[in-house]
Amino acid sequence: MKNVGRIIFIVAIIIGGWAWHSHNQSLEVENYPHTKLMVKNMSNDSIQVYLTLGGGAGYTHSVSGIFGITNNQSLQGSFYLGANDSVMYDNPAPISGNISFGIPPMNCTSVNLFEFCLNNASLDSKDAPNQMESVDISCMSGVNVYGSMELKGGGGYWTDNHKDTNATKIVNNAKYHNSNISGIFPYGCTNCINTAGKQACQTPAATPSTYNICLIQRNAKESGGVVIINYLRMLNN
């Protein structure tokens with residue numbers, strides 16, 4: 001009986017140790033993964049999608065291969081996304097840029113941008129500590145599509161640093177109807193709360209937001225999950 005009890009005790013230790021190891025492995029996966037980026041076409045028509053990278057030291061500098069892009073100019077390229085289809089970018093390298101639908105970003109062209117800065121924790125430095133992941137929909141140049149951004153999973157909450165401490169979705173409206181919405185820069189409102197520096201073509205500008213809520217952020221060390229950019233439909237101007 002003593003031997004049987006000893007065997008049961010040893011088995012319990014092994015199982016307990018395996019469970020502890022598995023639990024800690026799962027914690028590592030949950031706490032230190034990278035953030036994926038998905039683009040989804042929610043409409044019944046195909047759409048041309050433009051990816052424009054911001055570059056910058058330490059960030060991805062070529063769109064080649066991202067979402068299958070082959071026609072590129074290093075920092076910008078495009079691809080066609082079929083009806084009700086989606087593509088995923090799954091890479092831990094720091095990336096910053098924007099997605100636009102139908103037309104590329106251009107000055108004085110009515111186009112809204114779905115902007116992102118992801119997986120940049122490795123760029124922490126003495127001069128620039130506590131890097132932040134960020135997302136927003138910029139309607140500063142206008143609005144050509146209805147779209148949204150979904151923020152799912154990861155190690156930390158997304159926040160507008162004011163009223164929304166657990167942001168999960170951003171949805172843009174028409175050109176003059178995006179003021180005081182977390183995660184959206186209104187038309188001509190270059191600094192969210194004012195129009196300083198706007199271009200002459202951005203007149204009349206929309207009403208600026210009351211508070212600085214246009215950028216949704218989280219600590220880059222709390223990355224993970226997926227940012228989904230949804231194309232809904234073209235705006236009927």
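A disulfide is a pair of cysteine sulfur atoms within 2.5 Å, and the views below put that cut-off to work on a predicted model.

View 1. Counting the bonded cysteines along the chain gives the pattern 1-3, 2-4. The next two views take up each pair in turn.

**View 2. The link between Cys108 and Cys201.** Here the two sulfur atoms sit 2.0 Å apart and form a disulfide. The torsion about the S-S bond is about -85°, so this disulfide is left-handed. Cys108 belongs to the loop between strand 5 and strand 6, while Cys201 belongs to the loop between strand 10 (184–185) and strand 11 (216–219), so the bond ties together parts that are 93 residues apart in sequence. Both ends can be checked for accessibility too: Cys108 is partly exposed, with a relative accessible area of 48%, and Cys201 is partly exposed as well, at 33%.

**View 3. The link between Cys192 and Cys214.** In this disulfide the S to S distance is 1.9 Å. The torsion about the S-S bond is 75°, and the link is right-handed. Cys192 and Cys214 are each found in the loop between strand 10 and strand 11, 22 residues apart. Both cysteines of this pair are buried.

View 4. Cys139 counts as buried because its relative accessibility is 0%. Cys189 is in no disulfide either, and its nearest cysteine sulfur, that of Cys214, lies 7.4 Å away. With a relative accessible area of 0%, Cys189 is buried.

View 5. Come back now to the loop between strand 5 (95–101) and strand 6 (113–118), where Val111 has its place. Is this valine buried or exposed? At 2% relative accessibility, Val111 counts as buried. Leaving aside neighbours within four places in sequence, Val111 is in contact with residues including Ser100, Ile103, Pro104, Pro105 and Met106. Its contacts also include Ser138, Ser141, Gly142, Val143 and Asn144.

How values were computed
Residues numbered from 1 in each chain as written. Predicted model: local features only at pLDDT ≥ 70, side-chain atom pairs only at ≥ 80, totals over all residues. Heavy atoms only, no water. Helix = DSSP H or I, 4+ residues; strand = E, 2+ residues; numbered from the N terminus. Buried < 20%, exposed > 50% of the residue type's maximum accessible area, 1.4 Å probe, protein only. Contact = heavy atoms within 4.5 Å.
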